[in-house]
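Please read them with the coordinates open.

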Amino acid sequence: MKKRIFWANTFLVSIGILLASIAVSIIFYFQLTASARVELENRANSLKQLSTYEYEPMLLKIVPRDLRLTIIAPDGSVNYDNYADPSTMANHSDREEVIQALEQGYGQSRRVSETLRTDRFYHAIRLDDGNVLRVSKSVTSIYAVFQKSLPPTIFMIMVMAVLCYVGGAKLADRIVEPINNADIENFDGMYDELSPFIRALLKQREQISKDMETIKNRQDTIEAILDNMSEGAVIVDKDEKILHINKSAGFLFGLSDSSHLAEKTVHSLFWDWELLEITKQALSGVQQSKEKSFNGKVFKIFANPVPALGAAILLFMDTTGITGAKIPL
C-alpha cells in the first residue's frame, strides 16, 4: 500500500506541477505579447510626430535599442532603418503590416523566427506624407518560455517526489494502522469504505464456521461408524500413510492405542509383503482381496480404492467358523 500511495501522490503532484508550469508559461507569454503590442502602438504614435522633422538622425536617437524603427516609402523601398543600411534591405511592399498601413492607416503582424526562440511583433502607421513608420520588437517565444520553465519544473517534481515518499510512508502508516488493529467483531466504522468488506468478511467467516462444523460432524459420524464396526478398517492415502485405523483393526494388530499411527505409513502397522502389495494395488486403482490368518483366526481382506480421495481402504473380515473357511497352514 505504501508504494501505491507514493506513486499515486507523486503522479498527481507531478501532473499538478506540470500543468501549473504550463499555465503560468502561457499566461506569462500572453501578458508579454500584450504588453509588447501596447508598447509598439504607443511608440509608433509618439514617433509619428517626428515626421515633420524629416527623420533627423539626432531625434531618432531617442528610440530604445530594443526597438527597431523603419521608414518605408509607398513603393516599399526603405528610407530609414536604425538597425541596418536601407540600401541593402529588400523591398517591403509585400509585408503584411505595411499593406495594412497603406490601406487602413495602421497595421499589425507577428512573425516567428526560424529558430522558434523569438516572436517579432510589428506595428506600422501611415504618415501624413504617405510614408509608413514601422516599429518592431522581439519577444521570447512560447517555446522558449516553456524551455526556460522546464528545468525548475523538473527540479520541483524531484523535490516533491522525495516529499511524497516521506509523507506517503507516514500517510500509509496512519491509514493502515487502524486496519491492522481493527477488531472485526466490534468494527466501529473507522472507514466507511471498509464497511462492505467487513460485512462480507464476517459473512464468509460465519459460512466457513458452519462448513467446518458440518465437516467435523461428518468426520465424527464416519469415525463412529468405523469404530463400531466388527470388521477391521484401515484407510491409507496415496503415500501409504495411515489416515484412520478403527478399534477392531487396532485390536487385530495388538494395539491398545492406535492414535500414534496417524500420518505414519502402513509399514508401522504391518510388514507382511502380501498386505503391502495389495495396498499398493488398491492405491493404483485395482481392487484386491486376500485371505490371511492372524492369531489363529481366518480373515478375508478386501483392499478397495477410493479414487475421489486418491486413497484406499483395507477391510479385515473375520471368516473363522464360516463353512468352507479354514486356517491356512
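1. Phe11, Leu12, Ile15, Leu18, Leu19, Ile22, Ile26 and Phe30 make up a nonpolar surface patch of about 740 Å². A patch here is built from residues with over 30% relative accessible area and no salt bridge, where nonpolar side chains (Val, Leu, Ile, Met, Phe, Trp, Tyr) are joined within 5 Å and like charges within 9 Å. The accessible areas come from the Shrake-Rupley method with a 1.4 Å probe, and for residues only the protein chains shown count as cover. Helices (H or I, at least four residues) and strands (E, at least two) are DSSP runs, numbered from the N terminus.

2. A word on the basis of these notes: the model is predicted, so local features need pLDDT of at least 70 and side-chain atom pairs count only at pLDDT 80 or more, whereas totals for chains, interfaces and linings use all residues. Residues are numbered from 1 along each chain as its sequence is written, and side-chain values use heavy atoms, with hydrogens and water left out.

3. The count of salt bridges comes to 10, a salt bridge being a side-chain nitrogen of Lys or Arg within 4 Å of a carboxyl oxygen of Asp or Glu. In one of them the side chains of Arg111 and Glu97 meet at 3.2 Å, N to O; this pair links distant parts of the chain, with Arg111 in strand β3 (residues 106–112) and Glu97 in helix α3 (residues 96–104), 14 residues apart. Arg111 is partly exposed, at a relative accessible area of 27%, while Glu97 counts as buried at 0%.

4. Which parts of the chain does the pair of Glu97 and Arg134 tie together? The closest N and O atoms of this salt bridge are 2.8 Å apart, and because Glu97 lies in helix α3 and Arg134 in strand β5 (residues 132–140), the pair ties together parts that are 37 residues apart in sequence. Arg134 counts as buried, with a relative accessibility of 3%.

5. The strands β2-β1-β5-β4-β3, in that order, form an open sheet of 5 strands with antiparallel pairing, where two strands pair if DSSP finds at least two bridges between them. Its edge strands, each pairing on one side only, are β2 (78–81) and β3, and the twist from one strand to the next averages 20 degrees. Strand β1 (residues 68–72) runs antiparallel to β5 and is joined to it by 5 bridges, with Leu69 standing opposite Val135 in β5. Helix α3 packs on this sheet, touching β1, β3, β4 (118–126) and β5, and its direction makes about 170 degrees with that of β3. Contact means heavy atoms within 4.5 Å, and axes are lines fitted to C-alpha atoms, for helices over the stretch in contact, with angles running from 0 to 180 degrees between N-to-C directions.

6. Another open sheet of 5 strands has the order β7-β6-β10-β9-β8, again with antiparallel pairing. Here the edge strands, which pair on one side only, are β7 (242–245) and β8, and neighbouring strands are turned by 20 degrees against each other on average, direction ignored. Strands β6 (residues 232–236) and β10 (residues 311–318) run antiparallel and are joined by 5 bridges, and Ile235 stands opposite Ile313 in β10. Helix α7 lies across β6, β8, β9 (297–306) and β10, running at about 155 degrees to β8.

7. A salt bridge of 3.4 Å, N to O, brings together the side chains of Glu274 and Lys290. The pair links distant parts of the chain, Glu274 being in helix α7 (residues 273–283) and Lys290 in strand β8 (residues 288–294), 16 residues apart. Lys290 is partly exposed, with a relative accessible area of 30%, and salt bridges that share partners join Asp272, Glu274, Lys290 and Lys292 into one network.

8. Finally, please look at Gln288, which is found in strand β8 and, at 23% relative accessibility, counts as partly exposed. Leaving aside neighbours within four places in sequence, Gln288 is in contact with Ile278, Gln281, Ala282, Ile301, Phe302 and Ala303. The C-alpha atoms of Gln288 and Phe302 are separated by 5.9 Å, although these residues are 14 apart along the chain.

Notes: Buried < 20%, exposed > 50% of the residue type's maximum accessible area, 1.4 Å probe, protein only.
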